[in-house]
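Please examine the sequence and the three-dimensional structure shown below. The paragraphs that follow lead through the chain step by step.

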Amino acid sequence: MMEFLTGVKQCDTLEISELLDPRRVGTRVKVNGAVHAVNNMGAVVFVILRKREGLLQCVSEKKEPEQEGKLPREGSAVELEGVLERDERAPHGVEIRIQRLTVLSAPEEAMPLSVSKWKLNTSLDAKLNYRAVSLRNIRERAKFKIQEGIVRGFRNFLYSQGFTEIHTPKVGARSAEGGANLFRLEYFHHPAVLQQSPQLYKQMMVGVFDRVFETGPVFRAEKHNTKRHLNEYTSLDLEMGYIGSFEDIMAMETGFLQYTMELLKQDYSGELRILEVTLPEAARIPRVRFDEAKRLVSEKYNRKIRNPFDLEPEEEALIGRYFQEEYDADFVFVTHYPSKKRPFYAMDDSADPRYTLSFDLLFHGLEITTGGQRIHDYRMLVDKIASRGMTEEGLEHYLSAFKHGMPPHGGLGIGLERLTMKLVGEDNIRETTLFPRDLSRLEP
Ligand code: AMO
């Protein structure tokens, strides 16, 4: 006889949200989970389970002394049954009086870190070395649920705005951002690079779908060790056609932030509480020209403008501080970056071609986004490439899109780990990267 799979199987084990149904109080329930902590209080033993939705307190009365040896160890995977009771002191206000407990799997070794502590009091290095274990800590884990919320917000919001999600290759002949931070490799005897961004592809796809977005890994061979650079990060990219000006892109990002803060408030309130996060204000975001921003901070904080065409990290931080102090703003758009500092695809401002129709978004003084209007005219693009002394080699397919007609367009790229880091109040980007890649870290 033929057997068929007909869909997801019903479980007889319950999740925390199901246990919170008041009708379950007083009934016998079955759950599974990881033993997060065992607290032996003498007459009773608390077995705290870690489940996907949080911690669950289970309690066992020690009637016989020999039970002691049978207590599951921290890190065990267990299944247990017992009566559900209300208990205000327990997480979520409920606990299970254990009647039967089965160890599904026991750990081989003791925990290298005390993951059941509220805050993991250990170095970043130790957390990264034992990533699979350190992330079991409730606060560590919560940062990545917030990160999930950001990506969900990006996706859901852009779907609602008519964007198509795309997936572009990460290995190619050429990348768009220029500079020295390219990872080079050999691809079947041909030179190749890891993409620094999906820039060339997302622009080509505007000619197909009008509005596209992608969330995926990008690679930067940064040779310096900082708290805000990774060698592989996740880029939230969007690109949209038929824009009136680059302001449309900033408006879209503002909409994304508003949507996402609302989503976090609604669906991630537990994590926000665990991490003691106050969500930033995105209702109205100030915008300021690059040269004006430099002038404002140099005046207010008595700082000489050393290079009028570059923004130093300290200056960026001061711009953040200025807008926080003067306008109570968490974010600020800095516009009209110097052409010299932007890649070839950026559209120069016809009013003053030393500057571009582009922007960065700063969040508490850190750049989390770059975006702007792009050149859409084939001739203009070819001239810009030539004037920069670049070759067209490896750009033929990109140029072909323009040769065959492209609408006025623009877009942006958001660094997911940076946005997460600022949102949860961390100061090292590795804290909000599951498995960071940096100068000294290729593992785990
Ligand atoms: P840019 O190179 O400025 O622009 O990158 C966009 C955003 O990505 C983040 N970011 C990084 N995050 C972690 N580690 C790094 N090494 C790193 N480098 C950049 C920052 C930055 O704001 N194609 C353009 C975007 C566009 O115009 O659409 C681009 O890649 O948050």
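How many helices and strands does the chain have? The chain has 12 helices and 16 strands; helices (H or I, at least four residues) and strands (E, at least two) are DSSP runs, numbered from the N terminus. This is a predicted model, in which local features need pLDDT of at least 70 and side-chain atom pairs count only at pLDDT 80 or more, whereas totals for chains, interfaces and linings use all residues. Residues are numbered from 1 along each chain as its sequence is written, and side-chain values use heavy atoms, with hydrogens and water left out.

The overall dimensions come next. The C-alpha trace spans about 85 × 70 × 40 Å along its principal axes. Of the 444 residues of the chain, 51% count as buried; buried means under 20% relative accessible area, exposed over 50%, and partly exposed in between, with a 1.4 Å probe and protein chains only. Among the contacts with a separation of 6 or more, 64% come from residues 24 or more positions apart, where contact means heavy atoms within 4.5 Å. The domain assignment gives domain 1 (16-105) and domain 2 (138-432); such bounds come from an automatic or database domain assignment. The C-alpha centres of domain 1 and domain 2 lie 46 Å apart.

In what order do the five strands close into a barrel? The order is 1-2-3-5-4, and the pairing is mixed. On average, neighbouring strands of this sheet are turned by 55° against each other, direction ignored; axes are lines fitted to C-alpha atoms, for helices over the stretch in contact, and angles run from 0 to 180 degrees between N-to-C directions. Helix 4 (residues 138-160) packs on the sheet and touches strand 1 (28-40), strand 2 (44-51) and strand 3. The direction of helix 4 makes about 20° with that of strand 2.

The pairings within the barrel can now be followed one by one. Strands of a sheet pair through backbone hydrogen bonds, either parallel or antiparallel. Here, two strands count as paired if DSSP finds at least two bridges between them. Strand 1 and strand 2 run antiparallel and are joined by six bridges, with V38 standing opposite V47 in strand 2. The hairpin of these two strands has three residues between the strands, and in this hairpin G42 takes a positive phi near 95°. Strand 1 also pairs with strand 4 (residues 77-86), in the antiparallel sense over seven bridges; N32 stands opposite E79 in strand 4. Strand 3 (residues 54-61) and strand 5 (residues 94-105), by contrast, pair in the parallel sense over three bridges, and Q57 stands opposite E95 in strand 5.

Leaving aside neighbours within four places in sequence, I146 is in contact with residues including L264, Y268, L272 and L423.

A pair of aromatic rings is described by the distance of the centres and the angle of the planes. Rings of Phe, Tyr and Trp (its six-membered ring) pair if their centres lie within 6.5 Å; planes under 30 degrees apart count as stacked, over 60 as edge-to-face and the rest as tilted. By this rule the count comes to 14 aromatic pairs. One of them, F157 with Y259, is tilted, at 5.9 Å centre to centre and 40° between the planes. Because F157 lies in helix 4 and Y259 in helix 6 (residues 247-267), this pair ties together parts that are 102 residues apart in sequence. F157 is buried, with a relative accessible area of 9%, whereas Y259 counts as partly exposed at 32%. The rings of Y322 and F323 have centres 5.2 Å apart and planes at 65°, so this pair is edge-to-face; both residues are buried.

Helix 6 also holds T254, which is buried, with a relative accessible area of 14%. Not counting residues up to four places away in sequence, T254 touches A282, I285 and F333.

Finally, which residues of helix 8 (residues 290-300) are buried? They are F290, A293, K294, L296, V297 and S298. These buried residues pack against strand 12 (287-289), helix 9 (313-327) and strand 13 (331-335). Helix 8 is followed by N302, whose phi is positive, near 55°.
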